[in-house]
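Work through the exercises below with the sequence and coordinates open, and try each task before reading its solution.

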Amino acid sequence: MTTLNPYINFRGDARAAGDFYQSVFGGELIRNTFAEFQTPTEEGEQEWIMHSQLTTEGGLVLMVSDVPTGMEYDPGNNISVSLSGQSEGELRGYFDKLAEGGTIELPLERAPWGDFFGQVSDRFGIHWLVNVTNPA
């Protein structure tokens with residue numbers, strides 16, 4: 001089976017973002033710094049996150065990393081993360097937690113196609129799409 005996992009880049013905020021997403025979704029968070037792999041970076045960036053992966057009991061996988069200052073970085077507009085499923089309570093909980101310190105762009109409510117759908121930008125500027133299929 002092939003899986004598709006969102007991978008979000010930050011510039012110096014990957015540690016805080018990983019902690020935040022773990023507080024939203026739960027699960028196990030592993031992370032490795034640039035120093036652990038002896039990867040050359042600018043001064044002060046050795047403890048930045050080279051790779052981090054959050055894996056939940058429900059099978060969600062989210063990866064994050066920091067982009068060193070020597071590489072191009074364009075935050076926010078280059079990614080949306082979609083969460084969809086049938087558990088309205090679970091998805092509403094994620095939506096509400098992601099909205100803390102962020103911006104609700106479209107409230108989670110019934111959409112023209114019959115599902116509940118909402119959009120939120122979290123406090124790190126990442127756009128999230130939440131869709132509850134077959135709501136009661």
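**Exercise 1. Find the salt bridges and place each partner in the secondary structure.**

Begin with Arg92, which forms a salt bridge with Glu88, the closest N and O atoms being 2.8 Å apart; the term stands for a side-chain nitrogen of Lys or Arg within 4 Å of a carboxyl oxygen of Asp or Glu. The model is a predicted one, in which local features need pLDDT of at least 70 and side-chain atom pairs count only at pLDDT 80 or more, whereas totals for chains, interfaces and linings use all residues. Residues are numbered from 1 along each chain as its sequence is written, and side-chain values use heavy atoms, with hydrogens and water left out.

Next, locate the pair: Arg92 and Glu88 both lie in helix α2 (residues 88-99), four residues apart, about one turn of the helix. Helices (H or I, at least four residues) and strands (E, at least two) are DSSP runs, numbered from the N terminus. Arg92 counts as partly exposed at 28% relative accessibility, and Glu88 also counts as partly exposed, at 28%; here buried means under 20% relative accessible area, exposed over 50%, and partly exposed in between (1.4 Å probe, protein chains only).

The structure holds two salt bridges, and the side chains of Arg31 and Asp19 meet in one of them, at 2.9 Å from N to O. Arg31 lies in strand β2 and Asp19 in helix α1 (residues 14-25), so this pair ties together parts that are twelve residues apart in sequence. Arg31 is partly exposed at 29% relative accessibility, and Asp19 is partly exposed with a relative accessible area of 36%.

**Exercise 2. Describe how α1 and α2 pack, and name the residues that meet.**

Two packed helices are described by the angle between their axes and the distance between the axes. For α1 and α2 the angle is about 150° and the axes are 9 Å apart, where axes are lines fitted to C-alpha atoms, for helices over the stretch in contact, and angles run from 0 to 180 degrees between N-to-C directions. That makes α1 roughly antiparallel to α2, since angles under 35 degrees count as roughly parallel, over 145 as roughly antiparallel, 65 to 115 as roughly perpendicular and the rest as oblique.

At the residue level, Phe20, Tyr21, Ser23, Val24 and Phe25 in α1 meet Tyr94, Lys97 and Leu98 in α2, contact being heavy atoms within 4.5 Å. Leaving aside neighbours within four places in sequence, Leu98 has contacts that include Leu83, Val120 and Trp128.

**Exercise 3. Which residues touch the most other members of the largest nonpolar core?**

A nonpolar core is a set of buried Ala, Val, Leu, Ile, Met, Phe, Trp, Tyr and Cys residues joined through side-chain atoms within 4.5 Å. Of the 28 residues in the largest one, Tyr21, Phe25, Leu98 and Trp128 touch the most other members. Elements that give two or more residues to this core include α1, α2, β7 (116-121) and β8 (127-132), and the largest share, six residues, comes from α1.

**Exercise 4. Is Thr33 buried or exposed, and what does it contact?**

Thr33 lies in strand β2 (residues 28-33) and is buried, with a relative accessible area of 7%. Apart from its neighbours within four places in sequence, Thr33 is in contact with Arg15, Gln46, Glu47, Trp48, Ile49 and Met50.
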